[in-house]
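Hi,

Here is the structure I promised to pass on. My notes on it follow below, with the definitions included.

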Amino acid sequence: MKTPATTSGHALDWNRPPVFEAEGEGELLEVSMGPHHPSTHGVFRMDVALDGERVVRLKPVFGYLHRNHEQLGQSQSYLGNMPYTDRLDYFCSMTNNWAYALAVEKLVGQAVPERAEYIRVILAELTRVQNHASAIGFLIQEMGASGTPLMYAFREREKILDLFESLSGSRMMCNYMRFGGCRVDPSPAWLDATRKVVAGLPKFVDEFEALLSSNEILMARTQGVGVLRPDLAVNAGITGPMLRGSGVNYDIRKVDYYGIYDRFKFLVPLGDHGDVFDRYMVRVLEMRESIGILEQALKEVPAGPIMDSKAKIRGFRPKPGEAYGRIEAPKGELGFYLISDGSPNPYRYRVRPPSLINLTVLEDMCLGQNVADVVLIFGSVDIVLGEVDR
Amino acid sequence: MLGEGILKGLAETAKNFAGSFVSKERLTTVEYPEERLPLPEASRNFPFLVYDGPDWEKGLRCVACQICEKECPPKCIYIEKSKDKKPDFVGKPQIYPAKFDIDISVCMSCQICVEVCPFEAIKMDNEFELSTVDRFGGLLLDRQQLAKSNEYYHKVHPTEATQVDARLAEEKAKAEAKAKADAAAKAKAAADAAAKAAAAPPKAPEGGTGTPTSAAAKPRDTEPQPAAPTKPSDPAKAASQSEPKGEPRKEGGD
């Protein structure tokens, strides 16, 4: 294969697919997958150069969903940006809220009451369960099992979203956490409903695993496909189930102990091979661990205030300084970096999205694979375009 | 055996399929337009303005302070202040919104306007079937379309509305008590001034319910009577503070 001839000096050249020339007879086929490909979870384009069925080059093109999130955050008040964080990763608005609240709380040195910490953990783990369930559902659907596993996942997700709605008022755009606590105090009835849902979750994971884990087609399609080496994963800054699927023991809940995660007993599942199957398995096992955390947390939710009495809603002006708050979101490390200059809105606001950074190794995983597996590998990264493009 | 896993999975789906005929729990979907699930109480969609009493225009709680307009993240609220004033729920004359528009095609249902409102005037509705053929005018709600009665608020968010009512009643009681105390103080001050002007019995009256002079009786007619007995110490203190001024500074609590 000759070196790609990409540059022609044209100003718009950066957005053009690279030109390859095949070795020997024939030429490379360039396929533009997306932006409206059903497997892309939104609007995302992959410019794939194919030699027969084999991928020789893959170039991700994104930005179709760019909404100027960071600039909006800088022109909003600190509170005003909270609902916008819901819209980053719209599957996991609760964890997004938490990460942002954590960053601002670090910035102003705000304490959080015990009860709010427990509620946050419960909501974050519920989010993780529903995110992993639907991520697996989408992954299997992209494999060709149209519907069934996804519908099983969504049936369970529905119960969790109903809990979110009865607590925060909205199913997906929760906008629930505040600097120094949470917005609404959950009623005992809500906690009972949560206990009931959590009690049903292990059965769901068992059913899900019976349906999928030993399925020969799934194994044939996923084992040995899209291998991500641990050294590459670490160097590229990959986090979340992708990194753990490659066998690197790194979970911010264990490393950083934000919130009250040091009080719960849970294991960090790790993969051996770093292929798509390992990522699938890590997600299933993480769901089980999350259910364990939920059971522990729901046992000991303390009484007390949900908001810190010193927390301010109006007239919120942090002192000049900077802070970085990060959590283990379902998709990886989600961080918010804030610089304050003492005004009501941040001087600089930056999001470290797990989806975007996990996507950077897509080409490395896809090279040499069949084009049908590109969809699968892409699905195993588990991204949400709202977070990639911001 | 090859294919065992597939059979196991098929058994699972078969169980679910057969179960859906016998178990209500396995039927998880709802035929939407005919069948509707009840919305949870906390559910929110777009904001509305609360009014008390029968007349929406007179009863609006909003005083056009424009805090929600300022705090609204997507800036979908537009308020114009009125030039004149009208009494609010505690009877204090307040500015009211001459114009209050919400563009619900921009609104993102974040509830921040509700959180920052100090007057409990704006609340979240849970009406969600709002489709319209008019893309611009149909989604720009003016203050008449936004105004919903307090009874409606009780219907959509019962517990929250009860709490809000309790809080407002408490505030109102406090305001009334304060107004009464102020009124009594003014009456006292007026009485004192009148007594002084009427060239002085040798001892000025202290702390009591006032001397039965004709000048003192006149303002007391308009004030509610039981104020002075319930809080005997406050009027006296307030009276001693406002004594040098002589005249009451502003209108009292009616």
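How many residues of domain 1 of chain A are in contact with domain 2 of chain A? The count is 13 residues of domain 1, meeting 18 residues of domain 2, where contact means that the C-beta atoms, placed from the backbone, lie within 7 Å.

Before the details, please note that this is a predicted model, in which local features need pLDDT of at least 70, side-chain atom pairs count only at pLDDT 80 or more, and totals for chains, interfaces and linings use all residues. Residues are numbered from 1 along each chain as its sequence is written, while chains are lettered from A and ligands numbered from 1 in the order in which they are written.

In chain A, domain 1 covers 13–61 and domain 2 covers 69–389; these bounds come from an automatic or database domain assignment. The two domain centres, taken over C-alpha atoms, are 31 Å apart.

One residue I looked at is Val371(A), in helix α14 (residues 371–381) of chain A; helices are DSSP runs (H or I, at least four residues), numbered from the N terminus. Val371(A) touches Val48(A), Leu50(A), Glu53(A) and Val55(A), leaving aside residues up to four places away in sequence. Between Val371(A) and Leu50(A) there are 7.6 Å from C-alpha to C-alpha, although they are 321 residues apart in sequence.

Best wishes

Definitions and conventions:
Contact = placed C-beta atoms within 7 Å. Helix = DSSP H or I, 4+ residues; strand = E, 2+ residues; numbered from the N terminus.
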